[in-house]
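Me: Hi! Could you walk me through this model? I'd like to start with confidence and then go through the details.

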Amino acid sequence: MRGSGGVPRALRALNVSLISRSTLTRNLARASRPAYTTSAKLSTHSERLSTGWLSTTGSGYARTYSTDRWPTHADTTPPSFAFAFDIDGVLLHVATPIPGASETLQYLNDHNIPFILLTNGGGKLEAERVKDLSDKLGVTLTTDNFVQSHTPFRQLVDPGPESLRDKTILVTGADANKCRTIAESYGFRNVVTPADILHAHPTIWPFEPLFDSVYAQSHTRPLPSPIYVPGQTDLASSLKIDAIFVFNDPRDWALDIQLITDLLLSKEGYLGTYSTKNDDRSLPGCGWQQDGQPTLYFSNADLFWSTGFHLPRFGQGAFQAAVAGVWRRITGGHELHRRAIGKPYGETYRFAEQVLSSHRHEVLRRQGQHMHEAAGTLKSVYMVGDNPESDIAGANEYVSEVGTEWKSVLVKTGVWSAEHGRGYEQLKGRFEPNKIVDDVEGAVRWALEREGWGR
């Protein structure tokens with residue numbers, strides 16, 4: 001059954017919660033596999049690496065790097081350990097590979113060491129982002145290697161009484177029109193953007209649009225139904241939004257917060273209405289978000305992220321905090337009910353572990369080394385990240401159902417810095433990494449040494 005705002009039963013229990021474990025695993029496993037390739041897939045790399053060098057051309061430039069400084073290991077059997085890498089601040093600074101990142105990934109590829117790229121970034125189709133990463137890093141990657149923050153949203157279109165496939169959703173992000181394309185690729189059939197609403201009803205926002213290109217008519221579509229206006233439109237035939245999705249970091253916070261707030265104050269998601277239950281002291285939570293309003297989904301909670309600037313910049317978590325702050329002001333201090341996925345939440349780590357473990361199991365079977373189910377179980381996974389509040393906290397708090405040991409490794413090339421913010425004072429409790437290293441190469445070398453690899 002669907003509850004308030006069409007929220008699946010499994011998601012109603014928590015204020016800020018995750019998409020259900022079984023559905024997440026079932027749907028994401030279809031689209032993602034671990035980020036290493038088998039020996040057969042690496043034949044081209046093996047030929048080109050016969051002298052210890054690889055040159056890969058992409059986007060008009062060449063990458064040349066050596067992997068012969070790394071430990072030698074003749075056995076091609078996938079080991080019982082694996083890696084999960086964040087991207088921004090770990091592998092890349094915007095478009096520039098962090099020194100050692102390309103060599104590190106190539107070494108893992110060449111030795112069948114499982115890894116997955118696990119990012120809170122988003123805003124592009126998975127195939128588009130993977131091609132871009134391959135070009136920038138000079139290393140062959142595929143969508144099997146990659147999970148970005150909003151990938152789990154695809155599960156919400158699965159057939160069933162709780163499916164949002166044929167419902168009307170509002171999406172926003174850095175480029176809402178591109179977010180619409182992504183949502184439609186996931187299977188959502190009725191997708192509305194803020195630009196659609198503004199174009200259809202300009203008085204909904206009484207200020208000049210800040211971004212002409214974003215709100216250009218060429219990027220808009222007609223609304224599936226008109227916006228409700230008292231005395232002019234019938235409620236039943238008016239625009240009803242069943243869910244709100246923030247795919248990645250929005251640009252026009254003001255308009256987005258206005259529309260999101262309008263919908264969270266509405267009656268059953270009809271834009272232009274105001275629920276009579278709002279601020280009703282006789283109701284739970286004084287009636288706020290108790291009248292069938294749409295569920296609000298955020299794809300990650302990162303307050304900061306690493307960019308080309310020398311100090312961290314605000315991420316989607318800052319926008320989420322802004323929405324929550326406005327909501328508290330409107331409601332007299334009530335907390336905003338929303339759903340959040342991505343790191344540091346446990347479902348993301350559980351999914352990564354299951355994908356890595358199951359694929360390793362299959363490779364072992366194909367190599368004739370499959371003896372029993374436990375043979376494919378990973379003993380260790382190393383989460384390498386730059387953000388204590390997402391990468392490190394998530395790995396530290398995740399408890400594997402099959403006994404896999406997760407280790408958190410913090411690099412100094414991204415968000416966290418010993419010189420800025422709280423420095424080492426921040427690294428306490430859930431934010432304390434198992435190891436601090438200079439960069440991703442140092443992280444992998446430490447893990448290989450810990451595993452006795454190459455001895």
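What follows is a chat about confidence, strands, a loop proline, salt bridges and aromatic pairs.

Me: What kind of model is this, and what is the average pLDDT of the protein chain?

Reply: This is a predicted model. The protein chain averages a pLDDT of 83, and 82% of the residues score at least 70.

Me: Where does pLDDT stay under 50?

Reply: Over residues 1-63. The model has 167 contacts beyond four places in sequence for that stretch.

Me: Good to know. On to strand 11: are its faces covered or open?

Reply: Both are covered. Strand 11 spans residues 243-246, with A243 and F245 on one side and I244 and V246 on the other, and all of these are buried. As a general point, side chains in a regular strand alternate between the two faces of the sheet.

Me: Which strands pair with strand 11, and in which sense?

Reply: Strand 9, residues 168-172, pairs with strand 11 in the parallel sense over 4 bridges. Strand 12, residues 295-298, also pairs with strand 11 in the parallel sense, over 4 bridges.

Me: Change of topic: where is P433?

Reply: P433 sits in the loop between strand 17 (405-411) and strand 18 (435-437).

Me: Is P433 buried or exposed, and why?

Reply: P433 counts as buried because its relative accessibility is 11%, and the cut-off for buried is under 20%.

Me: What does P433 touch?

Reply: Leaving out residues up to four places away in sequence, P433 touches I392, S408, L410 and L427. As for M383, it is 50 residues from P433 in sequence, and the two are 9.7 Å apart in space, C-alpha to C-alpha.

Me: Now charges. How many salt bridges does the structure hold?

Reply: It holds 23 salt bridges. Among them is one between the side chains of K240 and D242, at 2.8 Å from N to O.

Me: What about D279 and R281?

Reply: Their side chains meet in a salt bridge too, 3.1 Å from N to O. R281 counts as exposed because its relative accessibility is 64%, while D279 is partly exposed with a relative accessible area of 37%.

Me: And K428 with E425?

Reply: That salt bridge has an N to O distance of 2.9 Å. K428 counts as partly exposed at 48% relative accessibility, and E425 is partly exposed with a relative accessible area of 47%.

Me: Which residues are linked in a network of salt bridges?

Reply: E405, K407, R450 and E451 are linked in one.

Me: Last topic, rings. How many aromatic pairs does a search of the whole structure find?

Reply: It finds 23 aromatic pairs. One of them is F153 with Y297, an edge-to-face pair at 6.1 Å centre to centre and 70° between the planes.

Me: Why does that pair tie together parts that are apart in sequence?

Reply: Because F153 lies in the loop between strand 8 (146-147) and strand 9, while Y297 lies in strand 12, so the pair ties together parts 144 residues apart in sequence. F153 counts as buried at 0% relative accessibility, and Y297 is buried with a relative accessible area of 1%.

Me: What about W288 and W327?

Reply: They form an edge-to-face pair, 6.0 Å centre to centre with 80° between the planes. W288 lies in the loop between helix 7 and strand 12, and W327 in helix 8 (residues 316-331), so this pair ties together parts 39 residues apart in sequence. W288 counts as buried at 5% relative accessibility, and W327 counts as buried at 1%.

Me: Which residues form an aromatic cluster?

Reply: F81, F83, F85, F115, Y382, W446 and W453 form one aromatic cluster.

Me: Great, thanks!

Technical notes
Residues numbered from 1 in each chain as written. Heavy atoms only, no water. Buried < 20%, exposed > 50% of the residue type's maximum accessible area, 1.4 Å probe, protein only. Helix = DSSP H or I, 4+ residues; strand = E, 2+ residues; numbered from the N terminus. Pairing = 2+ DSSP bridges. Contact = heavy atoms within 4.5 Å. Salt bridge = Lys/Arg side-chain N within 4 Å of Asp/Glu carboxyl O. pLDDT = per-residue confidence, 0-100. Phe/Tyr/Trp six-rings, centres within 6.5 Å; stacked < 30°, edge-to-face > 60°.
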